[in-house]
Structures are given as C-alpha cells and as structure tokens.
Amino acid sequence: NSEVKNVTATAGSEKVSLTWSELPNVAGYRVDYWPKKDSNSKNSLTVNVNKAEVSGLDNNKVYCFTVTPVDGSWQGLRPPWWKLSLSPAVPRRHRTW
C-alpha cells in the first residue's frame, strides 16, 4: 500500500502538528503545505518518521496540507482529498481525515 492514512492535524499558535499511520518499506514522507489562497507558494519538508511539525505559519490564515510517502525517486499516492484546510490559532484545534 502506498497511501498515507489516518492523518491527524492539530493547530497551535503559528504551527500545525501532523501525525499519520506509518507505512512499511518507505524511507520517509514529504509534507507539502501552502496558503489556501496562494497555491504557488508551496513549501515542503521531508521527515523519516510518521509525524511532522510545520512552523512559521501565520495565525488565522488557512493552509492546505498533503502527506506523500517517498523512497528515493519513488513517491506514493497523494489523492486530492488529502488536502486539509486549517487555521492555526490559539486555542488548539484538532482535525482527522
């Protein structure tokens, strides 16, 4: 299986913490994120565990997130519905998809 499942996002002040079910036989995961109103401002980070914290976000701004498994030049599935819009702000908000 090459699709990330059970993604949970928790928003905090200027950050979002993401977790998901670990996949076997992958080197890591690429987390892409961008402001909802500016998909040309896409940023990425790569992690080798099934969690990531995206910081430096603006509070009360909506962001989209995707998580894709990667292993060298191979990348797994990233269905369009894995996008999540979440506004980082205090108090913390929690969402699962």
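A salt bridge, as I use the term today, is a side-chain nitrogen of Lys or Arg within 4 Å of a carboxyl oxygen of Asp or Glu. Glu-53 and Lys-15 make one through their side chains, at 3.8 Å from N to O. Glu-53 sits in strand E5 and Lys-15 in strand E2, so this pair ties together parts that are 38 residues apart in sequence.

A word on the source. This is a predicted model, where local features need pLDDT of at least 70 and side-chain atom pairs count only at pLDDT 80 or more, while totals for chains, interfaces and linings use all residues. Residues are numbered from 1 along each chain as its sequence is written, and side-chain values use heavy atoms, with hydrogens and water left out.

Now the overall picture. The protein has eight strands and zero helices. Strands here are DSSP runs of at least two residues, labelled E, and helices are runs of H or I of at least four; numbering starts at the N terminus. Of the 97 residues, 45% are buried. Buried means under 20% relative accessible area, exposed means over 50%, and partly exposed is in between, with a 1.4 Å probe and protein chains only. Take contacts between residues at least 6 apart in sequence: 61% of them join residues at least 24 apart. A contact is heavy atoms within 4.5 Å.

Next, the sheet. Four strands form an open sheet in the order E4-E3-E6-E7, with antiparallel pairing. E4 and strand E7 (74-75) are at the edges with a single partner strand each, so one side of each has no neighbour in the sheet. Two strands count as paired if DSSP finds at least two bridges between them. In general, strands of a sheet pair through backbone hydrogen bonds, either parallel or antiparallel.

Look at E3. E3 pairs with E6 over eight bridges, antiparallel. Val-31 stands opposite Val-67 in E6, and Tyr-29 has Pro-69 in E6 as its bridge partner. E3 also pairs with E4, antiparallel, over five bridges. There, Tyr-33 faces Asn-43 in E4.

How many of the eight residues of E3 are buried? Eight of the eight. Both faces are covered. One side carries Gly-28, Arg-30, Asp-32 and Trp-34. The other carries Tyr-29, Val-31, Tyr-33 and Pro-35.

On to the core. The largest nonpolar core has 20 residues. The rule for such a core: buried Ala, Val, Leu, Ile, Met, Phe, Trp, Tyr and Cys residues, joined through side-chain atoms within 4.5 Å. The residues with the most contacts inside this core are Leu-18, Trp-20, Tyr-29, Val-31, Val-54 and Phe-65. Six strands each give it two or more residues: E1 (8-12), E2 (15-19), E3 (28-35), E4 (43-47), E5 (51-55) and E6 (63-71).

Back to the charges. How many salt bridges are there? Three. Glu-53 is partly exposed at 46% relative accessible area, and Lys-15 is partly exposed at 27%. Another joins Arg-30 to Asp-32, with the closest N and O atoms 3.1 Å apart. Are these two residues buried or exposed? Both are buried. Then there is Asp-58 with Lys-61, closest N and O atoms 3.8 Å apart. Asp-58 is partly exposed at 41%, and Lys-61 is partly exposed at 34%.
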